[in-house]
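The sequence and structure come first.

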Amino acid sequence: MAQTATVNYHVHKKTRQAFELDAGGIAGNLISPELAPTEVRLSDVRRAARPVRFAEDAVEFATLPSAVGTFSGDGWQEVYDAELSALLTERLGAREVVIFDHTVRVDDPEATRKPARNVHSDYSVDGAHQRLIDLLGTAKAAEWSDGHYAFVNVWRPVEAPINSAPLGFVRPSSVDPADWILLDLIYPDRKGQIMGLAGNPGHDWLYQSKMTPDEVAFFNIYDNRGLPSIAHSALDMVEDPGITTIRKSIESRTLVRY
């Protein structure tokens with residue numbers, strides 16, 4: 001029997017739509033555009049006939065045990081950054097890695113940062129260009145733009161294997177360019193752009209079942225040489241009803257120079 005889950009697709013409209021994060025100055029307060037809950041069929045990459053590869057699918061999974069015991073407090077970021085830099089250098093051939101953000105997400109109504117339950121990718125073309133300047137400054141951003149760079153996210157379960165709300169991905173080859181919707185991302189102190197995805201029955205959804213804290217998914221968010229950005233979302237599903245652990249994960253945003 002095929003595995004299924006519910007996802008929240010975006011909806012095409014005549015006017016520009018936006019997310020407001022920390023709206024009203026309240027941490028975690030999110031105002032969202034209209035979303036369309038949709039049941040989708042999933043392919044589990046653990047049972048796939050061929051491996052999922054970053055160069056072809058814009059996502060890849062790897063076993064990467066971490067020396068970090070807990071992703072809170074002080075002192076862990078330097079260790080974890082070194083582990084992620086080594087991963088991206090080895091697996092992607094990156095010659096420079098900038099790790100600029102870590103977000104711990106907890107699937108709890110009281111959590112400040114919850115799993116993102118909308119089908120999206122983190123940057124539009126203009127949003128990626130602006131983020132490059134924000135991170136590196138104008139002169140260095142222009143230097144990187146002359147070569148090959150990309151934004152790559154690395155996602156890992158924390159504390160327990162993922163039993164509910166795993167992270168799912170839409171294989172880029174199954175996406176029609178018309179499915180993408182440009183969205184504004186409004187923070188109290190800045191404005192960005194992301195890409196939302198509208199529903200399409202041709203979408204090929206994949207995920208890795210019961211990921212453990214020793215496993216990571218690394219996936220492409222923007223590449224200035226054309227590797228597709230991959231749409232992703234938390235999946236509303238439960239793998240084993242007898243397990244009650246809360247889904248907790250850490251997402252790390254990186255900028256790589258090839």
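Predicted model: local features only at pLDDT ≥ 70, side-chain atom pairs only at ≥ 80, totals over all residues.

The largest pocket holds about 1000 Å³ of space. It is lined by 43 residues, and those closest to its centre are L21, R105, L185, Y187 and R253. Two or more lining residues come from each of β2 (17-21), β6, α3 (125-136), β11 (191-197), β14 (232-234) and β15 (248-257). The lining divides by class as follows.

| Class | Lining residues of the largest pocket |
|---|---|
| Nonpolar | 15 residues |
| Polar | 13 residues |

In soluble globular proteins, nonpolar side chains tend to be buried together. Here the largest nonpolar core has 26 residues, of which V59, F61, L132, F151, F169, F219 and L255 touch the most other members. Elements that supply at least two residues each are β5 (59-63), α3, α4 (138-145), β8 (149-157), β9 (167-170) and β13 (215-223). The greatest contribution, four residues, is from β13. Beyond four places in sequence, V59 is in contact with V52, R53, F54, F169, L206, F218, F219 and I230.

A second, separate core contains 22 residues, including L88, L92, I99 and V256.

V97 belongs to strand β6, which spans residues 96-106. Leaving out residues up to four places away in sequence, V97 touches S85, L88, T89, T254, L255 and V256. The C-alpha atoms of V97 and L84 lie 8.8 Å apart, with the two residues 13 positions apart along the chain.

Definitions and conventions: Residues numbered from 1 in each chain as written. Heavy atoms only, no water. Contact = heavy atoms within 4.5 Å. 1 Å grid on protein atoms, 1.4 Å probe; cavity = no way out; pocket = protein on both sides within 12 Å on 5 of 7 lines; lining within 4 Å. Points joined across faces, edges and corners; volume = space filled by probe spheres on them. Nonpolar A, V, L, I, M, F, W, Y, C, P; charged D, E, K, R; others polar. Core = buried A, V, L, I, M, F, W, Y, C linked by side-chain atoms within 4.5 Å. Buried < 20%, exposed > 50% of the residue type's maximum accessible area, 1.4 Å probe, protein only.
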